[in-house]
Amino acid sequence: MPKDTLTITDNRTGKTYEVAIEHGAIRAVELRQIKTSPEEFGLMSYDPGYLNTASCKSTITFIDGDRGILHYRGYPIEQLAEKSTYLETAYLVLYGELPTRSQLEEWTYQITHHTILNENTKKLMDGFRYDAHPMGMFISTIAALSTFYPESKDIFDEQVRRKQIYRLIAKVPTIAAFSYRHNTGMPYAYPDNDLSYTGNFLNMLFKRTELKYKPHPVLERALDVLFILHADHEQNCSTSTMRLVGSAHTDPYCSLAAAAAALYGPLHGGANEAVLRMLAEIGSKDNVPAYIKRVKSGEVRLMGFGHRVYKNYDPRARIIKQTADAVFEVTGRNPLLDIALELERIALEDDYFVSRKLYPNVDFYSGLIYQAMGFPVEMFPVLFAIPRTSGWLAQWQEMLLDKEQKIGRPRQLYLGAGRRDYVPIEQR
Ligand code: CMC
């Protein structure tokens with residue numbers, strides 16, 4: 001009869017230990033009983049980059065990287081992208097179930113009626129230099145909201161948490177749009193409550209002198225689909241940051257600012273910008289084989305290809321490719337698309353990419369769409385942060401309510417100098 005345990009023999013002592021296997025994992029603290037003497041600290045696991053460490057139990061997002069599967073709360077991403085809206089999906093991600101009609105109405109009402117920023121927040125944003133990067137403004141302004149809503153520190157009060165969730169999901173598009181307008185020297189455009197979540201975002205970004213901004217329905221829907229695809233992606237760098245900072249019981253605004261700071265990094269939220277730069281560098285379809293050669297020799301990486309978890313086609317990339325077709329019918333074809341398609345065609349046939357299981361990821365086509373819609377590359381990480389806000393908040397709330405969670409505090413393997421005496425400066 002097979003047992004759900006693991007037997008470990010310590011060859012230093014010859015002792016054998018049996019540890020429980022639960023959900024395909026052992027508890028790392030079980031290793032601490034493995035020692036060569038009672039004074040010893042006990043064995044630890046060493047895992048830089050957390051390649052094989054589960055930091056939590058979660059019921060939010062499921063990824064099967066080998067089969068290219070992504071579910072939110074059990075629902076396949078393809079079905080949500082086709083049938084849902086971003087706000088409905090955000091509710092699902094946060095509360096675990098699709099909302100009833102009345103729940104959705106209440107949720108939409110609350111989000112729509114928390115979009116306005118306090119005028120002092122606006123003044124704060126005004127204080128940034130004229131060419132401030134919109135992501136720097138976004139991160140700082142989110143952190144500053146903590147000072148406007150001091151009650152948000154009461155993180156174990158369900159009503160307080162709910163209010164901050166409304167505020168954050170409602171205000172991130174406003175902050176993002178104001179950052180963009182500041183950066184482009186345009187006056188801020190205030191929220192329009194008659195419009196949808198993404199329709200209003202487009203209004204705050206692109207409204208000029210017209211009395212009423214009318215978003216193009218195809219672009220509004222395309223952005224909504226992109227937002228659905230980016231709502232959550234389990235324990236990536238920024239989400240783990242949200243959980244880690246939140247585990248110190250920091251308020252949700254400062255925790256979310258930290259998560260957004262992690263997203264800002266080019267290895268995380270900035271890859272689609274790198275894809276655009278790469279496509280521009282390649283310049284034409286004819287230069288693709290030569291570029292592939294450089295990739296295979298290890299000189300450069302094919303940006304937008306490969307993923308730590310997906311060892312198959314990223315399911316989000318497949319949907320984005322379809323969305324791109326719809327967007328380009330409205331905006332005109334992005335000339336870089338032909339280069340991207342040719343790169344993908346050649347890479348998917350080439351043994352270098354096939355044997356390493358390198359497929360297009362979410363970033364391969366998203367930058368092309370954003371560029372065609374008129375977004376400058378500096379806005380790309382901000383466009384990622386808006387929908388990921390719902391995922392960050394869902395993961396933060398799950399962490400707070402999980403009785404097993406404690407303040408995050410990894411261990412280290414100390415390899416530095418042993419004890420030594422202080423040397424006065426003249427003797428060094
Ligand atoms: N182009 C060429 N070779 C690659 C690439 C690539 N894009 N990605 C991985 N490889 C090769 C790599 O050289 C290695 O080959 P070898 O075994 O011969 O040394 C092998 O594939 C495994 O690579 P790895 O670096 O061990 O894989 P990783 O899981 O640590 O890296 C990654 C994942 C996403 C950082 C990497 O694939 C990459 O740098 N991709 C390009 C950047 C990119 O598109 N990032 C967006 C990620 S999705 C957005 C998000 O979720 O934040």
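**Group meeting: sheets, domains and a ligand site**

Three strands form an open sheet, and their order is 3-4-5. The pairing is antiparallel. Strand 3, residues 61–64, and strand 5, residues 75–76, stand at the edges. Each has a single partner strand, so one side of each has no neighbour in the sheet. Keep in mind that this is a predicted model.

Now the pairing itself. Strand 3 and strand 4, which covers residues 69–72, are joined antiparallel over 4 bridges. As a reminder, strands of a sheet pair through backbone hydrogen bonds, parallel or antiparallel.

Next, strands 1 and 2. Strand 1 is residues 5–10, and strand 2 is residues 15–20. They run antiparallel, with 6 bridges between them. Opposite T9 you will find T16 of strand 2. These two strands make a hairpin, with 4 residues between the strands. Which residue there takes a positive phi? G14 does, near 80°.

Step back to the whole chain. The protein has 17 helices and 5 strands. Along the principal axes, the C-alpha trace spans about 80 × 70 × 60 Å.

On to domains. Domain 1 is 1–45. Domain 2 comes in two segments, 82–266 and 377–401. Domain 3 is 271–372. How far apart are the centres of domain 1 and domain 3? Over C-alpha atoms, 45 Å separate them.

Last, the ligand. There are 17 residues around it, and R301, L302, G304, F305 and N361 come nearest. By class, that shell holds 7 nonpolar, 5 polar and 5 charged residues.

Look at the ligand's oxygen atoms. A polar side-chain atom of R301 lies 2.8 Å from a ligand oxygen. For G304, a polar backbone atom is 2.8 Å from an oxygen atom of the ligand. R356 also reaches in through its side chain: an N or O atom there is 3.0 Å from a ligand oxygen. How much of the ligand does the protein bury? Taken alone, the ligand exposes 940 Å², and the protein buries 69% of that.

Technical notes
Residues are numbered from 1 along each chain as its sequence is written. Side-chain values use heavy atoms; hydrogens and water are left out. Two strands pair if DSSP finds at least two bridges between them. A residue is near a molecule or strand if one of its heavy atoms lies within 4 Å of it. A polar contact is a pair of N or O atoms within 3.5 Å; within protein, one must be able to donate a hydrogen and the other to accept it, and residues adjacent in sequence count only if both atoms are side-chain atoms. Accessible areas come from the Shrake-Rupley method with a 1.4 Å probe; for residues, only the protein chains shown count as cover. Ala, Val, Leu, Ile, Met, Phe, Trp, Tyr, Cys and Pro count as nonpolar, Asp, Glu, Lys and Arg as charged, and the others, Gly among them, as polar. Domain bounds come from an automatic or database domain assignment.
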